[in-house]
Amino acid sequence: MRHENTPKNWNEVKTNDSWAIFKIMGEFVNGYEKMSRIGPCVSIFGSARTKPNHKYYKLAERIAKKITENGYGVITGGGPGIMEAGNKGAHLAGGTSVGLNITLPFEQHDNPYIDSDKSIDFDYFFVRKVMFVKYSQGFVVMPGGFGTLDEFFEAFTLIQTHKIDKFPLILVGTEFWSGLMDWIKNTLLEINNNISPEDMDLVHVVDTEDEVLDILNSFYDKYNLSPNF
């Protein structure tokens, strides 16, 4: 036990890092192969701690059902809470239900509404995030914690810097998100000039499933794009 707790020397660290590359490559290859076959999907993010009787769980389920009925599939992080609600809505509507699972010390476990052939496990957060961005036609961000904020700002930054193509980025829950958006507008933009005014146009804040669908459909109509890969 004492030996296991001994810090690794630099050579051991380098060796472990070198071998980790192959595991990372394996996760990318497996993810690309499976995700490239799923068809157009929208990612739904939100807290793993949200209970089934919560208004945001029920709203996420309705959103997933609505967008699935209109030809999109749903991708979530595969866990409980809002993720479960997203997969449940897609499953009950008979649509594509994808779960990108990751092993965590708490909270995360597979929910039962993921299609059996569309559940993918990851050890690396950054590989999982690539799959979300690369294979999503839009991001629907429900109320959540640090992980949800991480996904939101990752997508926001990549679109802002033109590292990925623009796609709809939708925050659901005005009551929840208004404080953050006010801070971005007032502190980042107006006081410190850390972002551009047009950056604010990259994000929509809504409260209903109909608004989510309208934004998705109008985006693809406006730019004459087909929601596909």
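This is a predicted model: local features need pLDDT of at least 70, side-chain atom pairs count only at pLDDT 80 or more; totals for chains, interfaces and linings use all residues.
Figure 1. Side chains of opposite charge can pair when their charged atoms come close. One of the salt bridges joins K88 and E61, whose closest N and O atoms are 3.9 Å apart. K88 belongs to helix 3 and E61 to helix 2 (residues 55-69), so this pair ties together parts that are 27 residues apart in sequence.

**Figure 2. The salt bridges of K129.** Which side chain meets D150 in a salt bridge? The partner of D150 is K129, with 3.1 Å from N to O. Because D150 lies in helix 5 and K129 in helix 4 (residues 125-134), the pair ties together parts that are 21 residues apart in sequence. Is K129 buried or exposed? K129 has a relative accessible area of 13% and is buried, because buried means under 20%. D150, with a relative accessible area of 35%, is partly exposed. E154 also meets K129 in a salt bridge, and here the distance from N to O is 3.2 Å. E154 is in helix 5 and K129 in helix 4, so this pair ties together parts that are 25 residues apart in sequence. The relative accessibility of E154 is 29%, so E154 counts as partly exposed.

**Figure 3. K134 and two tyrosine rings.** This view shows a lysine together with the rings of Y32 and Y135. K134 lies over the face of Y32, 5.6 Å from the ring centre. The charged end of K134 also sits over the ring of Y135, and the distance to the centre of that ring is 5.6 Å.

**Figure 4. The aromatic pair of F139 and F167.** There are 12 aromatic pairs in the structure. A pair of aromatic rings is described by the distance of the centres and the angle of the planes. For F139 and F167 the centres are 5.1 Å apart and the planes stand at 45 degrees, so the pair is tilted. F139 lies in strand 5 (residues 139-141), while F167 lies in the loop between helix 5 (146-160) and strand 6 (169-172), so the pair ties together parts that are 28 residues apart in sequence. F139 and F167 are both buried.

Figure 5. How do the two residues count in terms of accessibility, and what are the values? F152 has 0% relative accessibility and therefore counts as buried. F153 has 31% relative accessibility and therefore counts as partly exposed. F152 and F153 belong to one aromatic cluster, together with F156, F176 and W177.

**Figure 6. The surroundings of W177.** W177, a member of the aromatic cluster, has its place in helix 6 (residues 174-191). Its relative accessible area is 1%, so W177 is buried. Which residues are in contact with W177, leaving aside its neighbours within four places in sequence? They are V141, M142, P143, T148, L149, L171, V172 and V205. One of these contacts, V205, is 28 residues from W177 in sequence, and the two are 7.6 Å apart in space, C-alpha to C-alpha.

**Figure 7. Strand 3 and its faces.** Strand 3 (residues 97-102) is mostly covered, with six of its six residues buried. In a regular strand the side chains alternate between the two faces of the sheet. On one side of strand 3 are S97, G99 and N101, on the other V98, L100 and I102, and both faces are covered.

**Figure 8. The partners of strand 3.** Strand 2 (residues 73-76) runs parallel to strand 3, and three bridges join them. Together with helix 3 (residues 82-92), strands 2 and 3 make a right-handed β-α-β unit. How many bridges pair strand 3 with strand 4? Strand 3 pairs with strand 4 (residues 119-122) over four bridges, in the parallel sense. In this pairing, G99 stands opposite S119 of strand 4.

Definitions and conventions:
Residues are numbered from 1 along each chain as its sequence is written. Side-chain values use heavy atoms; hydrogens and water are left out. Buried means under 20% relative accessible area, exposed over 50%, partly exposed in between (1.4 Å probe, protein chains only). Helices (H or I, at least four residues) and strands (E, at least two) are DSSP runs, numbered from the N terminus. Two strands pair if DSSP finds at least two bridges between them. A crossover is right-handed if, with the strands pointing away from the viewer, the path from the first strand over the helix to the second runs clockwise. Rings of Phe, Tyr and Trp (its six-membered ring) pair if their centres lie within 6.5 Å; planes under 30 degrees apart count as stacked, over 60 as edge-to-face and the rest as tilted. A charge sits over a ring if NZ of Lys or CZ of Arg is within 6 Å of the ring centre and within 35 degrees of the ring normal. A salt bridge is a side-chain nitrogen of Lys or Arg within 4 Å of a carboxyl oxygen of Asp or Glu. Contact means heavy atoms within 4.5 Å.
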